[in-house]
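Here is a briefing on a structure, grouped by topic. Please look it over before reading on.

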Amino acid sequence: MTFLEYLQSRRELLLAQTLEHATIVLMSVALATVIGVLIALWTYRNPRARAVATAMAAAMLTIPSFALLGLLIAPLGLGYAPTLVALTMYALLPILRNTIVGLSEIDPALTEAARGIGMSRIRSLTTVEIPLAWPVILTGIRVSTQMTMGIAAVGAYVGGPGLGHQIFDGLANLGGVNSLNQALVGTVGVIVLALTVDFALALLGKLTQAGQRPNLLRPRLARRPALTPTTAVPSPSLGGRE
Amino acid sequence: MSRDVMIDLQQVSKFYRGQKAPVVDNMSMTIQQGEIIVFVGPSGCGKTTTMKMINRLIEPSSGRILIDGTDVTALDGNDLRRQIGYVIQQVGLFPHMSVATNVGLVPKMLGWDRKRIEARADELLHLVGLEPAIYRNRLPRQLSGGQQQRVGVARALAADPPVMLMDEPFGATDPMTRDRLQNEFLRLQEQLRKTIVFVTHDFDEAIKMGTRIAVLGERSKIRQFDTPENLLANPADSTVAQFIGRGARLKQLDLRRVDAIAWEDVPLIQPDKAANGAKRQLEQTEGSSALTVDADNRPLRWVNAHDLAAGAGALDGAGQTVTTVEPQATLRDALDAMLASRDGAAVVVDEDGRYAGTVTLDGLMQVIHHASEQEEPGAGVPDQRAGATTAAELAPEQR
């Protein structure tokens with residue numbers, strides 16, 4: 001059976017597994033976004049708290065995925081739950097760190113102006129600071145999404161959902177009829193899915209860019225300087241400093 | 001003329017934990033409605049801290065601050081700040097919001113409806129000289145620095161607050177833009193009559209903007225609190241004098257207008273009429289000059305007896321060119337005009353360019369000396385006296 005024939009014959013299963021894969025990744029990234037942004041808001045003004053938070057998130061990232069998933073079986077059992085928790089933990093660092101960077105890079109004159117005209121702390125955050133930090137936060141979300149796409153495949157090891165099953169099955173009966181196709185379809189599927197979601201997030205970034213009317217058809221007059229993905233991947237600068 | 005007290009600082013102090021000396025030490029000041037009070041002093045003297053305690057961006061450690069009779073600590077800090085205009089040097093426009101949205105922020109927080117906010121934003125943009133149809137939907141970065149600060153002023157004025165705090169509002173702009181913004185703002189203030197606390201470290205700006213100036217020393221100690229005129233004429237001590245810097249007398253010239261000096265009359269000659277009579281007149285008053293004027297009394301040239309002799313009686317083209325000033329011009333402009341003229345006199349003309357009188361260096365000197373002697377005779381600082389003699393040396397030789 002060729003690769004294409006294999007795709008054809010397992011269409012429904014593959015589609016379902018792809019959707020599962022996307023769902024669990026997006027769920028964990030969403031969860032990590034909520035937790036990461038909250039921790040960042042809570043810590044970004046205090047250098048020590050900021051350092052502790054990023055260090056802990058960084059430490060979580062160093063735990064090998066197999067080990068973490070295995071360890072989570074004891075409290076959470078097999079299947080969906082341990083996969084979701086593990087992925088959320090991995091997705092946390094880039095989002096947390098970019099949110100901290102994004103918020104601390106805001107011109108202090110703007111926060112002072114916000115206070116000076118009588119904005120409450122919450123209003124200043126929701127109408128000024130988070131919208132301005134959003135491009136950097138979104139970059140963190142994109143990095144997290146890419147990273148967890150791959151790790152999610154390992155989730156199949158603890159019975160989690162997704163394309164990992166194709167890869168594990170293929171590797172389990174190496175030399176078997178469809179083993180290569182299985183491993184290949186799993187891997188390629190993850191890559192294609194990752195690229196698609198990243199493209200969607202990039203589009204989301206364009207649409208939600210603060211201060212721009214979502215008008216993609218007309219070329220923009222002036223480009224927004226700085227702030228955009230320059231702070232891309234979590235730079236180790238913030239964690240270690242101070 | 002009874003005016004209401006708008007802001008009353010009563011023995012206000014600010015301590016920071018871990019610092020022995022207070023940043024602001026027991027400061028008291030009464031500010032009347034409609035005044036522009038300028039806090040001026042070296043950096044780190046606590047002038048900004050003092051200002052920020054008025055809208056409680058910084059909480060006072062002790063003392064009371066009353067605005068229009070109400071203790072500011074009685075209000076919620078954010079509510080208080082919505083009622084006080086606030087302009088900072090860095091402008092602080094939110095880069096992701098349009099100009100109109102920025103201007104409408106305070107009204108929005110006060111719960112105005114959308115229509116009213118839009119109308120108000122347009123009104124204010126118009127007021128600060130930005131055509132609403134063009135600028136309303138622009139983003140701040142599409143504006144020049146000067147335009148941005150105009151929007152900053154419009155935002156501060158949005159809810160028509162009685163009090164405005166301005167922290168070096170024009171400090172970040174180039175000198176030409178700054179001058180224009182200052183003039184525009186003064187013109188605006190003539191209509192609005194806000195009570196304004198204005199912080200700057202630029203003494204010239206203080207003189208230009210202030211109704212009264214508070215020269216602050218360390219810990220916000222008030223060294224002198226007076227009108228610009230009195231401050232220049234009678235600095236309280238050598239530190240204030242030092243801060244005023246050289247050329248205090250020259251700076252005074254910016255504060256007064258030509259109509260403050262006594263005008264003198266000179267003989268007028270209409271060349272086509274009675275030339276001989278005028279000639280005789282000139283010859284009699286040896287050494288002095290006369291002014292030739294046209295049929296509408298517009299000044300043409302200075303002439304004296306010598307010119308007449310040289311020109312063999314013909315008045316056309318004889319004599320020296322005339323420099324003119326209008327009654328609203330500052331004395332500095334008048335001085336410039338006087339120095340440009342051979343006779344040390346400038347001709348005052350009305351709006352139509354007709355002769356109204358002349359001003360001379362002597363008249364100028366009298367006004368300046370009168371100002372300082374009236375207040376406190378002999379209170380000058382040596383440095384300042386030196387300045388006065390320099391001015392005197394400029395004077396007579398032409399006469």
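Strand S16 (residues 345–349) of chain B pairs with S17(B) in the antiparallel sense, over 5 bridges. Two strands pair if DSSP finds at least two bridges between them. This is a predicted model: local features need pLDDT of at least 70, side-chain atom pairs count only at pLDDT 80 or more, and totals for chains, interfaces and linings use all residues. Residues are numbered from 1 along each chain as its sequence is written, while chains are lettered from A and ligands numbered from 1 in the order in which they are written.

**Sheet in chain B**
- B:Ala346 stands opposite B:Val359 in S17(B).
- The open sheet has 3 strands in the order S15-S16-S17 (chain B), with mixed pairing.
- Strand S15 (324–325) and strand S17 (355–360) of chain B are at the edges with a single partner strand each, so one side of each lacks a neighbour in the sheet.
- Strands (E, at least two residues) and helices (H or I, at least four residues) are DSSP runs, numbered from the N terminus.

**Chain A against chain B**
- In chain A, 16 residues are in contact with 20 residues of chain B; contact means C-beta atoms, placed from the backbone, within 7 Å.
- Helix H6 (108–116) and helix H7 (121–154) of chain A are the elements that give two or more residues to this side of chain A.
- H6(A) gives the largest share, 6 residues.

**Helix H8 of chain A**
- In helix H8 (residues 164–172) of chain A, the buried residues include A:Gly164, A:His165 and A:Gln166.
- A residue is buried if 20 or more other C-beta atoms, placed from the backbone, lie within 10 Å of its own.

Key: Contact = placed C-beta atoms within 7 Å. Buried ≥ 20, exposed ≤ 12 C-beta atoms within 10 Å, placed from the backbone.
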